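Thanks for asking me to look through this one with you. My comments follow as numbered points, so that you can check each of them against the coordinates.

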Amino acid sequence: MDFIVINSYNNYVDAHIARGVLEEEGINCWLKDEHTVTIDPILTNAVGGIKIMVYKDQAERAWEILSNLKKEQQLAVTC
């Protein structure tokens with residue numbers, strides 16, 4: 001099975017939250033370039049951030065879950 005990039009993050013905290021939510025929902029995923037960005041944050045833009053990788057056949061469901069997570073996070077923040 002092939003993995004594809006479903007989203008990218010500038011820091012490991014957001015990436016791990018997303019990974020945890022996906023794994024709770026039964027989505028197989030892993031973080032690409034996590035160590036590079038964490039060790040040397042200056043390289044974040046050069047490598048494209050921390051990428052969350054999912055199986056191609058789970059991508060649509062993963063995108064829905066991450067979209068809902070983003071909406072929940074935006075509602076929790078009051079300006």
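**Notes on the predicted model**

1. Let me begin inside the sheet: Asn7 has Ile52 of strand 3 standing opposite. Please keep in mind that this is a predicted model. Helix 1, residues 12-24, packs on the sheet and touches strand 1, strand 2 and strand 3. The direction of helix 1 makes about 15° with that of strand 3. Helix 4, residues 59-76, also packs on the sheet, touching strand 1 and strand 3. For helix 4, the angle of about 15° is made with the direction of strand 1.

2. In what order do the strands of the open sheet run? The sheet has 3 strands in the order 1-3-2, and the pairing is antiparallel. Strand 1 and strand 2 stand at the edges with a single partner strand each, so one side of each has no neighbour in the sheet. From one strand to the next, the twist averages 30°.

3. Now the pairing itself. As a reminder, strands of a sheet pair through backbone hydrogen bonds, in either the parallel or the antiparallel sense. Strand 1 and strand 3 are joined over 6 bridges in the antiparallel sense, and Val5 stands opposite Met53 in strand 3. Strand 2 and strand 3 also pair in the antiparallel sense, over 4 bridges. There, Leu31 has Ile52 of strand 3 as its bridge partner. Ile52 is the residue that stands opposite Asn7 too.

4. Is strand 3 enclosed or open to the outside? Of its 6 residues, 6 are buried, so strand 3 is largely enclosed by the rest of the structure.

5. A pair of aromatic rings is described by the distance of the centres and the angle of the planes. The structure holds 2 aromatic pairs. In one of them, the rings of Phe3 and Trp30 have centres 5.9 Å apart and planes at 85°; the pair is edge-to-face because that angle is over 60 degrees. This pair links distant parts of the chain, with Phe3 in strand 1 (residues 3-9) and Trp30 in strand 2 (residues 29-32), 27 residues apart.

6. Phe3 also forms a stacked aromatic pair with Tyr55, at 4.4 Å centre to centre and 25° between the planes. Here too distant parts of the chain are linked: Phe3 lies in strand 1 and Tyr55 in strand 3 (residues 50-55), 52 residues apart. Phe3, Trp30 and Tyr55 form one aromatic cluster. Phe3 is partly exposed, with a relative accessible area of 32%, and Trp30 is partly exposed as well, at 35%.

7. For context, most residues other than glycine have a negative phi. Asp33 sits in the loop between strand 2 and helix 2 (34-39), and Asp33 is partly exposed, with a relative accessible area of 24%. Leaving aside residues up to four places away in sequence, Asp33 touches Val47, Gly49, Ile50 and Lys51. Asp33 and Ile50 are 17 residues apart in sequence, and their C-alpha atoms are 5.2 Å apart in space.

8. Thr44 is found in helix 3, residues 44-47. With a relative accessible area of 9%, Thr44 counts as buried because the value is under 20%. Not counting residues up to four places away in sequence, Thr44 touches Asn10, Val37 and Gly49. Gly49 is also among the residues that Asp33 touches.

9. Lastly, the largest pocket. About 250 Å³ of space lies in it. Which element gives the most to the lining of the largest pocket? Helix 4 does, with 7 residues. Strand 1, helix 1 and helix 4 each supply at least two residues of the lining. Among the lining residues are Asn7, Tyr9, Asp14, Ile17, Ala18, Trp63 and Lys70.

Technical notes
Residues numbered from 1 in each chain as written. Predicted model: local features only at pLDDT ≥ 70, side-chain atom pairs only at ≥ 80, totals over all residues. Heavy atoms only, no water. Phe/Tyr/Trp six-rings, centres within 6.5 Å; stacked < 30°, edge-to-face > 60°. Buried < 20%, exposed > 50% of the residue type's maximum accessible area, 1.4 Å probe, protein only. Pairing = 2+ DSSP bridges. Contact = heavy atoms within 4.5 Å. Axes fitted to C-alpha atoms, helices over the stretch in contact; angles between N-to-C directions. 1 Å grid on protein atoms, 1.4 Å probe; cavity = no way out; pocket = protein on both sides within 12 Å on 5 of 7 lines; lining within 4 Å. Points joined across faces, edges and corners; volume = space filled by probe spheres on them.
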